[in-house]
Amino acid sequence: MKRKNVLRLVLLCLMYMAGFMAGGMVRRISETAPAMEVSEYPDTLAEEKKQIAITFDDGPNPNYTKVLLKGLKKRGVKATFFLLGSEVDAYPEIVKRIQSDGHLIGVHSYEHVNFGQIGDVKALEQVEKTQEAIYRVTGEYPDFIRPPYGCWKKELDEEIPMIEVLWDVDPCDWATSNSGTVVKRILSQVKDGSIILLHDASKSSVQAAFTVIDVLGEEGYEFVTVEELMLGY
């Protein structure tokens, strides 16, 4: 497999595991330590922020991704884009803008196929073609992957050393043109640490993303990439 940065990925995974171990140590220590008054550390508690990752699948879209990028930049928000290889080949200039704006780029597939319904060889081809398409444009191989429909094959783990990213908030924005409906669905499900699934393929989805960012921003949420959310930096 044409993979140049496996070492970096291993490091990312180790950091991810270390974060969980550290979290467990904090919990165990807090269970045995004497109770402290909140007022003892007011500044530390005040600085804590609730974090969310907002993600977009199936792009880049020639009609809506640029609008989305403009709105994200205006709001100072970094997002994660899981791209289709075929769209990367078709619209490389948009991919370059996604990268230059500081967003995280990940693999979706090349032609939006269900990995569970095709053989391992074809699934691997889908991933590698998308990796190469992204590399040709950005000069970097992506470390994160979101398989279409969330259907991953464990048999591919050894062949594809990437971090799989799913979601916990899915408003099914692809099934409605009503941005208000999408917003309500997201706000009813979201919590600290959530990963929101959206698509940059319609006006309603883009508008819903802006509204959600504005509303949750007022509520003290910080929007980060999935790398920052999962690995803690």
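Visitor: Which residues of H3 are buried?
Guide: First, the ground rules: this is a predicted model, where local features need pLDDT of at least 70, side-chain atom pairs count only at pLDDT 80 or more, and totals for chains, interfaces and linings use all residues. Residues are numbered from 1 along each chain as its sequence is written, and side-chain values use heavy atoms, with hydrogens and water left out. The buried residues of H3 are Thr65, Leu68, Leu69, Gly71 and Leu72. Buried means under 20% relative accessible area, exposed over 50%, and partly exposed in between (1.4 Å probe, protein chains only). Helices (H or I, at least four residues) and strands (E, at least two) are DSSP runs, numbered from the N terminus.

Visitor: Switching to charge pairs. How many salt bridges does a search of the whole structure find?
Guide: Five, a salt bridge being a side-chain nitrogen of Lys or Arg within 4 Å of a carboxyl oxygen of Asp or Glu. One of them joins Asp214 to Arg75, with the closest N and O atoms 2.8 Å apart. Asp214 is in helix H8 (residues 203–218) and Arg75 in helix H3 (residues 65–75), so this pair links distant parts of the chain, 139 residues apart.

Visitor: What does Lys191 pair with?
Guide: Asp168, at 3.1 Å between the closest N and O atoms. Lys191 lies in the loop between helix H7 (179–189) and strand E6 (195–199), and Asp168 in the loop between E5 and H7, so the pair ties together parts 23 residues apart in sequence.

Visitor: Last topic: which residues form the negative surface patch?
Guide: Glu155, Asp157, Glu158 and Glu159. Patch residues have over 30% relative accessible area and no salt bridge, and like charges are joined within 9 Å. Asp and Glu count as negative.

Visitor: Where does Glu159 lie?
Guide: In the loop between strand E4 (144–145) and strand E5 (163–164). Glu159 is partly exposed, with a relative accessible area of 41%.

Methods
Patch = residues over 30% accessible without salt bridge, like charges linked within 9 Å, V, L, I, M, F, W, Y side chains within 5 Å. Areas by Shrake-Rupley, 256 points an atom, 1.4 Å probe, with all protein chains shown as cover. Charge placed at Lys NZ, Arg CZ, Asp CG, Glu CD.
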